[in-house]
Amino acid sequence: MEVPGGSVQLPIVLRFVDIAVDALAGAREEIDALNVYPVPDGDTGTNMYLTVSAARDAIRDATGGGDPGADLVAALAALSRGALLGARGNSGVILSEMLGAIARRLSHARPDERNAVVMAEALQQATDASYAAVGTPVEGTMLTVARAASDAAMEVVKDSSVRARDVFAAAAAAAREALARTPEQLRMLADAGVVDAGGRGFSVVLDAAETVLTGRRPVPVTSPIGTRTIPVPLATGAGADELRPDGPSYEVMYLLDAEDDRVPALRERLGPLGDSLVVVGGEGLWNVHVHVDDVGAAIEAGIEAGRPHRVRVTHFAEQVAQARSRPDEARSGRRIVAVSAGPGLARLFEEAGAVVVPGGPGRRPSTGQVLEAITSCGACEVVLLPNDPDSVRVAHIAASTAEADADDGLRVAVIPSQAQVQGLAAIAVHEPGRAFDQDVLEMTATARHARHGAVTVAARQAMTMAGPCEPGDALGVLAGDFVVVGSDLYDVATDVLDRLLGGGGELVTLVAGADDAEGSLATRVAGYVERHHPAVDVVVYDGGQERYPLLVSVE
């Protein structure tokens with residue numbers, strides 16, 4: 001990832017994550033079909049795709065949608081954290097650790113270092129980190145493929161004339177060779193007639209890096225690789241359609257807030273409970289993955305170490321059955337999936353019949369969370385309300401993934417609602433009895449026509465579109481932009497409201513936030529509407545959202 005002058009460039013990193021996501025999207029079904037180890041649950045490709053998608057979303061958000069002039073170190077930190085938070089499944093968690101290790105090495109690169117050396121060392125550190133994260137490393141897996149790639153990178157970089165493109169070309173080629181040999185190392189793969197799914201996914205990521213730097217297209221999976229040919233998946237095979245009778249029954253995953261020195265004890269506690277143990281992260285935030293029979297014990301171990309959250313438990317027998325055939329009960333009906341920024345807002349959406357995914361400023365839901373809401377709601381028609389600019393891309397990825405995975409005609413539509421109040425407006429006109437396309441059209445039009453604003457408090461000194469602000473200043477927001485800076489929340493709120501009503505309106509919706517627990521600000525603003533705009537109706541809700549004492553919309 002270099003240019004003349006030998007430094008890591010943010011535009012190249014951004015292009016890499018875009019190509020890696022697209023490449024994994026294209027290879028996802030193939031990788032899922034290869035998945036027989038450690039459990040034939042058919043989701044390795046999907047998990048790796050969602051993990052890198054989360055990393056891309058995070059770095060895009062951190063760079064304002066891909067600003068090449070953004071801070072590189074901050075962008076790499078966001079990529080690492082995004083991968084950690086969005087990691088799914090055994091292979092996804094390992095991949096997130098690899099991406100994190102690469103990001104850390106790139107962040108510490110010095111101007112006087114050869115870029116090729118930095119890249120080779122980044123791959124080596126990614127391999128070392130992945131082996132360290134796994135409780136019991138097994139050869140013939142993506143670990144083996146990663147080791148072959150990093151060894152090749154470190155070997156080729158001994159030549160002082162090579163560039164980063166040569167490093168990744170050598171690494172990608174070595175990964176393909178190692179991938180072709182995985183059935184020789186792992187009997188389950190040989191019996192099923194496949195290569196390792198996680199290794200194939202990592203090879204796709206390396207191919208993406210090679211493509212960015214060289215322009216060469218990656219080698220298709222069924223093409224000859226060196227002196228070997230990668231096997232294609234068989235319809236049946238030992239281990240391909242049944243769980244190991246002596247293997248654990250459940251996959252347990254959770255994020256863990258814990259001091260770093262508590263993690264070794266956590267590993268020791270989780271190790272004897274099952275297998276496929278992977279613990280990755282650092283600086284107080286960890287992603288824990290393990291296969292066990294005793295789900296409670298796995299979660300209790302997390303409680304002893306810190307605070308587990310976003311806990312996810314999968315029963316393998318059910319997952320494998322679903323992967324082999326359609327569910328017994330066909331999907332039916334239409335459901336709304338809405339991202340909610342507060343408990344009060346969650347109740348409002350739930351009362352309107354929506355499936356709620358927690359979100360909000362600073363805690364955007366992962367693609368996996370939205371995808372799970374879509375697939376578990378049981379509907380054949382799903383409408384997504386992201387209700388936040390940062391969640392719109394996540395919603396689109398989850399929607400396309402759900403439709404691609406479904407074999408029963410699932411339809412998913414995303415209404416690009418940018419604010420919680422737009423989501424409330426859209427769900428208010430939802431009519432299940434209408435045709436799906438017409439319902440989506442009506443909801444989209446209503447959300448688009450709901451002008452929205454908010455009031456918040458400045459956390460730091462900054463320059464806004466409305467001028468400079470200091471910590472503690474009241475800030476007025478219109479359609480995502482700061483337009484008012486003041487000292488009083490009420491004065492700023494009424495200013496925002498008058499601007500919204502300047503274009504007319506019949507209904508004002510006010511949503512009180514967590515910082516306005518008594519609803520005093522919302523009540524005072526409602527009184528202002530009644531006095532100064534008597535022809536306009538006003539409704540007040542307790543939203544409980546953080547950071548924004550008041551949300552406002554005008555319809």
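Where is the place of Glu259: in which loop, and between which strand and which helix? Glu259 sits in the loop that runs from strand S3 (250-257) to helix H10 (263-270). Helices (H or I, at least four residues) and strands (E, at least two) are DSSP runs, numbered from the N terminus. What you're looking at is a predicted model, where local features need pLDDT of at least 70, side-chain atom pairs count only at pLDDT 80 or more, and totals for chains, interfaces and linings use all residues. Residues are numbered from 1 along each chain as its sequence is written, and side-chain values use heavy atoms, with hydrogens and water left out.

**The whole chain**

- The protein chain has 19 helices and 18 strands.
- Of its 555 residues, 54% count as buried; that label means under 20% relative accessible area, while exposed means over 50% and partly exposed is in between (1.4 Å probe, protein chains only).
- The accessible surface of the protein chain is about 23100 Å², and carbon and sulfur atoms hold 50% of that; such areas come from the Shrake-Rupley method with a 1.4 Å probe, and for residues only the protein chains shown count as cover.
- Among contacts (heavy atoms within 4.5 Å) with a separation of 6 or more, 71% are between residues 24 or more positions apart.

- Helix H14 covers residues 367-376, and its buried residues are Thr367, Gly368, Val370, Leu371, Ala373 and Ile374.
- An α-helix has 3.6 residues a turn, so residues three or four places apart point the same way.
- The cover over the buried residues of H14 includes helices H2 (44-62) and H15 (389-405), plus strands S7 (334-340), S8 (354-358), S9 (381-385) and S10 (411-414).
- After H14 comes Gly378, which has a positive phi, near 80 degrees.
- Val355 belongs to strand S8, and it touches Arg335, Ile336, Val337, Ala338, Ala373 and Cys377, leaving aside residues up to four places away in sequence.
- Val355 and Ala338 are 17 residues apart along the chain, with 6.2 Å between their C-alpha atoms.

**Salt bridges**

- The count comes to 21 salt bridges, each one a side-chain nitrogen of Lys or Arg within 4 Å of a carboxyl oxygen of Asp or Glu.
- Glu121 pairs with Arg105, and their closest N and O atoms are 2.8 Å apart. Glu121 is in helix H5 (residues 115-133) and Arg105 is in helix H4 (residues 89-107), so this pair ties together parts 16 residues apart in sequence.
- Glu121 is partly exposed at 24% relative accessible area, whereas Arg105 is buried at 7%.
- A network of salt bridges links Arg105, Arg110, Asp112, Glu113 and Glu121.
- Arg147 and Asp128 also form a salt bridge (3.3 Å, N to O). Here Arg147 is in helix H6 (residues 142-156) and Asp128 in helix H5, 19 residues apart.
- Arg147 counts as partly exposed at 27% relative accessibility, and Asp128 counts as partly exposed at 38%.
- Arg176 and Glu210 meet in a salt bridge too (3.8 Å, N to O). Arg176 is in helix H7 (residues 164-185) and Glu210 in helix H9 (residues 197-214), so the pair ties together parts 34 residues apart in sequence.
- Both Arg176 and Glu210 are buried.

**Back to Glu259**

- At 59% relative accessibility, Glu259 counts as exposed.
- Glu259 forms a negative surface patch with Asp260, Asp261 and Glu283. Patches are made of residues with over 30% relative accessible area and no salt bridge, with like charges joined within 9 Å and nonpolar side chains (Val, Leu, Ile, Met, Phe, Trp, Tyr) within 5 Å.
- Asp and Glu count as negative and Lys and Arg as positive, while His and the chain ends are not counted; the place of a charge is taken as NZ of Lys, CZ of Arg, CG of Asp or CD of Glu.
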